[in-house]
Amino acid sequence: MDFSNESRNVQIGIYLKTLREEQNLTAEQLSKLSQVPTVHIAAIEAGRFSRYDDFYLKLYLKKYTQALDVDLEQLYTYATQQKAPELPVEPEPEKILTGMQADIATVVPKKEKAEKPVQPKAVVQTKGVSSSSSKGKFGRFFVALFLMIIIGAIVAVAVIALRNSNGGETEDPFVPPPHIIDSPNLNGADYEDVEPEPEPEPEPEPTPEDFTTVTKEGYAGTIQTFIITTELDEIELRIVHSGQNWIDIDNRIHSDDFEHIFEIDGPTITFAVGAIHNIEAMFINGVEVPITTEDLIGRQTFIFNISGENHDVDDIGDYEDVDNA
């Protein structure tokens with residue numbers, strides 16, 4: 001597939017970013033799903049394909065589309081088009097009426113809400129009311145209140161008198177008899193201790209075939225060893241530099257990010273780097289390696305022992321402490 005058209009590459013990157021955002025995934029979440037570093041995800045979504053060769057570009061695009069469950073052939077087809085295909089929009093389901101609701105809906109049309117008429121506020125006219133009428137109302141109110149207080153006092157006295165007529169004693173509350181459960185051991189025999197059956201342990205979840213873990217095994221002098229657990233047939237190495245650094249894989253000095261793919265043909269992968277203090281981070285298949293760089297200057301050798309159903313861990317033995325070069 002030809003990706004030499006930069007303007008079209010930008011449209012492809014925008015299309016991929018739109019697919020990711022429609023699945024509510026951030027670049028960091030997609031990086032964990034696809035094992036593609038976020039710096040490459042940002043470059044792909046910006047359409048900067050020219051920074052990769054065909055091998056790495058196809059590899060990153062394959063992992064990117066697989067994480068979004070998108071057909072890679074659809075992306076290649078889009079690479080020859082002028083604009084991204086419109087994503088299908090699912091129509092909202094219509095509400096299905098059954099029984100009496102359906103009959104009413106076909107006969108009686110929906111009524112619009114009638115506006116509630118505004119009731120005019122009643123205007124109370126106080127002009128011409130004499131003070132004698134208001135005094136009469138207050139007088140009747142106090143008389144009714146006085147009568148209610150007297151009635152309440154009479155009721156309270158009657159209740160107290162009824163309680164005193166019982167001698168101050170109250171009836172015991174009803175307590176239901178205990179519920180006896182029929183049992184064959186009620187004749188006095190000892191109960192046998194019955195241990196509950198242990199619950200079965202949950203089966204371990206299967207490990208994905210493309211899952212990779214990196215564990216630090218040891219550090220002695222200028223040698224750092226790690227265990228890589230993977231079922232893949234290749235190891236993708238990426239080293240991030242803060243300055244110039246020599247790597248003996250290709251015997252060159254690098255100042256930009258270094259990337260290399262090892263074909264697993266043995267139980268161990270070994271390589272050395274110089275100026276260890278210029279290394280910011282190291283990644284294996286997108287998983288960060290817990291390397292030691294603090295207070296180190298000079299050359300370091302890294303040994304990765306490959307583990308998995310198809311790989312064996314190489315016993316490299318104990319290392320003697322060696323002063324850093």
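Analyst: H1 has 17 residues, and from first C-alpha to last it reaches 24 Å. That is close to the 24 Å expected at 1.5 Å a residue. The model is predicted.

Seven names make up the buried set of H1: Asn9, Ile12, Gly13, Tyr15, Leu16, Leu19 and Arg20. Seen down the helix axis, the buried residues of H1 fall within an arc of 160°, so they line one face. The cover over these buried residues includes helix H2 (27–34), along with H3, H4 and H5. Just after H1, asparagine 24 takes a positive phi of about 55°.

Now the core. The largest nonpolar core holds 25 residues. Phe3, Ile12, Leu16, Leu61 and Leu68 touch the most other members. Ile12 and Leu16 are also among the buried residues of H1. The elements giving two or more residues to this core are H1 (6–22), H3 (38–45), H4 (54–67) and H5 (72–78). H4 supplies the largest share, six residues. A second, separate core has 23 residues, including Ile235, Ile284, Phe302 and Ile306.

A word on confidence. The mean pLDDT of the chain is 75, and 65% of its residues reach 70 or more. Over residues 110–114 the pLDDT is below 50, and this stretch has zero contacts in the model beyond near neighbours in sequence.

Definitions and conventions: Residues numbered from 1 in each chain as written. Predicted model: local features only at pLDDT ≥ 70, side-chain atom pairs only at ≥ 80, totals over all residues. Heavy atoms only, no water. pLDDT = per-residue confidence, 0-100. Contact = heavy atoms within 4.5 Å. Core = buried A, V, L, I, M, F, W, Y, C linked by side-chain atoms within 4.5 Å. Buried < 20%, exposed > 50% of the residue type's maximum accessible area, 1.4 Å probe, protein only. Helix = DSSP H or I, 4+ residues; strand = E, 2+ residues; numbered from the N terminus. Expected span 1.5 Å × (residues − 1). Arc of directions from axis to C-beta.
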